[in-house]
Every structure is written in C-alpha cells, then in structure tokens.
Amino acid sequence: MLDPADTKLLAALQKNAHLTAQDLGELLNLSPSQAGRRRQRLEAEGYIQGYAARLDPAKLGLAVQGFVQVHLGSHGPEQSKGFARLVASQPEITSAWTMTGEADYLLRVYCANLEALNTLIHGILLPHPAVSRVQSQIVMAQLKRDAPLPT
C-alpha cells in the first residue's frame, strides 16, 4: 500500500529523477535517510522500474514520428512470437502494444525522414509472413509529451 508520502515521492521522481535523498527529505518533511529508504523500498517493490533520460528526437535527427497499425493475416502463437521478435529488433520502433479493435498491434516509431519510414513499412514490416497490412499515421505536432503517471 502507498501512503501519501509515497505518492508524493513518486510524483516528484517522475518529474525529476535526479532528486537526492536530501531533496526528497525536504519535500516530504523527512530526514534524508528516511526519504532514501522510502525510495529504495519503492524500487525494491517494483513501483519504480528504472530511470532514463528523455532525449529530444529532433536534435537526434529523428524528424518523423508516427504510429503504425499492424494487422496480422494469421494469429497463431508462432506468428505472434515472430512478429514480436521483429519489433524488438527494430530501434525505430520505440514502443509497441497489442490492441483490441481492428488492428492487432500499434507501433510508435521515430525515423529520420519519410524515406526511412517507407523503408520500415515496406522493407521490414510488410514482408513479415504474418503481416497482412499496415496503416500509418504521421505526427504533425505533439501537443503533450509522455506525461507522468497519475499518482
């Protein structure tokens, strides 16, 4: 169970993972050692799964962000595993979900340009034997970055 201090700590770390035990202690009105132990407990219990830097795609030359819906022609376990391996092997695919509804998968992709997106779709995804069709949407503007989870 999370108490209000845990919730406040998680919210603060989602905004700034660099907060020290001293910073967290001040925020939570706890000693730095108490705040540090609380953080360690939340890490050990799996509430905090890791820490990562958020990079600017444009500065990395990734000018095209898109979402690709993938429809499989067959849905056996081997086809699904094979497609999952393909997805895992492509660095342009930054996240992937299995979906209810018309599409089987939704992929979030970042590519350098439209030619690279075309290569990903026509040269990598569509040739996979389980894939029957794909549908892509190109992001024109992102109104909200991936936000912290509500706590």
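**Exercise 1. L9 and its surroundings**

In which helix does L9 lie? Decide whether L9 is buried or exposed, and list its contacts from beyond four places in sequence.

Solution. The structure is a predicted model.
- Step 1: L9 is part of helix 1.
- Step 2: The relative accessible area of L9 is 0%. Buried means under 20%, so L9 is buried.
- Step 3: Leaving aside neighbours within four places in sequence, L9 touches L24, L28, A35, R38, R39 and L42.
- Step 4: Take L24 from that list. L9 and L24 are 15 residues apart along the chain, and 6.9 Å separates their C-alpha atoms.

**Exercise 2. The buried face of helix 2**

Which residues of helix 2 are buried, and why do they line one face of the helix?

Solution. 
- Step 1: Helix 2 covers residues 21–28, and L24, G25 and L28 are buried in it.
- Step 2: Looking down the axis of helix 2, the buried residues fall within an arc of 100°, and therefore they line one face.
- Step 3: The cover over these buried residues includes helix 1 (4–15) and helix 3 (32–44).

**Exercise 3. The residue after helix 2**

Solution. 
- Step 1: N29 follows helix 2 and sits in the loop between helix 2 and helix 3.
- Step 2: Most residues other than glycine have a negative phi. N29 is not a glycine, yet its phi is positive, about 60°.
- Step 3: The relative accessibility of N29 is 71%. Exposed means over 50%, so N29 counts as exposed.

**Exercise 4. The nonpolar cores**

Which residues touch the most other members of the largest nonpolar core, and which elements give two or more residues to this core?

Solution. 
- Step 1: The largest nonpolar core has 19 residues, and V68, V70, F83, L107 and L125 touch the most other members.
- Step 2: Two or more residues each come from strand 1 (64–72), helix 4 (77–89), strand 3 (105–111), helix 5 (114–125) and strand 4 (131–138).
- Step 3: Beyond four places in sequence, the contacts of L107 include V68, V70, F83 and L125.
- Step 4: A second, separate core has 10 residues, among them L10, L19, L24 and I48.

**Exercise 5. The aromatic pair**

How many aromatic pairs does a search of the whole structure find, and what is the geometry of F83 and Y105?

Solution. 
- Step 1: The search finds 1 aromatic pair.
- Step 2: F83 and Y105 lie 4.7 Å centre to centre with 45° between the planes, and the pair is tilted.
- Step 3: The pair links distant parts of the chain, with F83 in helix 4 and Y105 in strand 3, 22 residues apart.
- Step 4: Both F83 and Y105 are buried.

Key:
Residues numbered from 1 in each chain as written. Predicted model: local features only at pLDDT ≥ 70, side-chain atom pairs only at ≥ 80, totals over all residues. Heavy atoms only, no water. Core = buried A, V, L, I, M, F, W, Y, C linked by side-chain atoms within 4.5 Å. Buried < 20%, exposed > 50% of the residue type's maximum accessible area, 1.4 Å probe, protein only. Helix = DSSP H or I, 4+ residues; strand = E, 2+ residues; numbered from the N terminus. Contact = heavy atoms within 4.5 Å. Arc of directions from axis to C-beta. Phe/Tyr/Trp six-rings, centres within 6.5 Å; stacked < 30°, edge-to-face > 60°.
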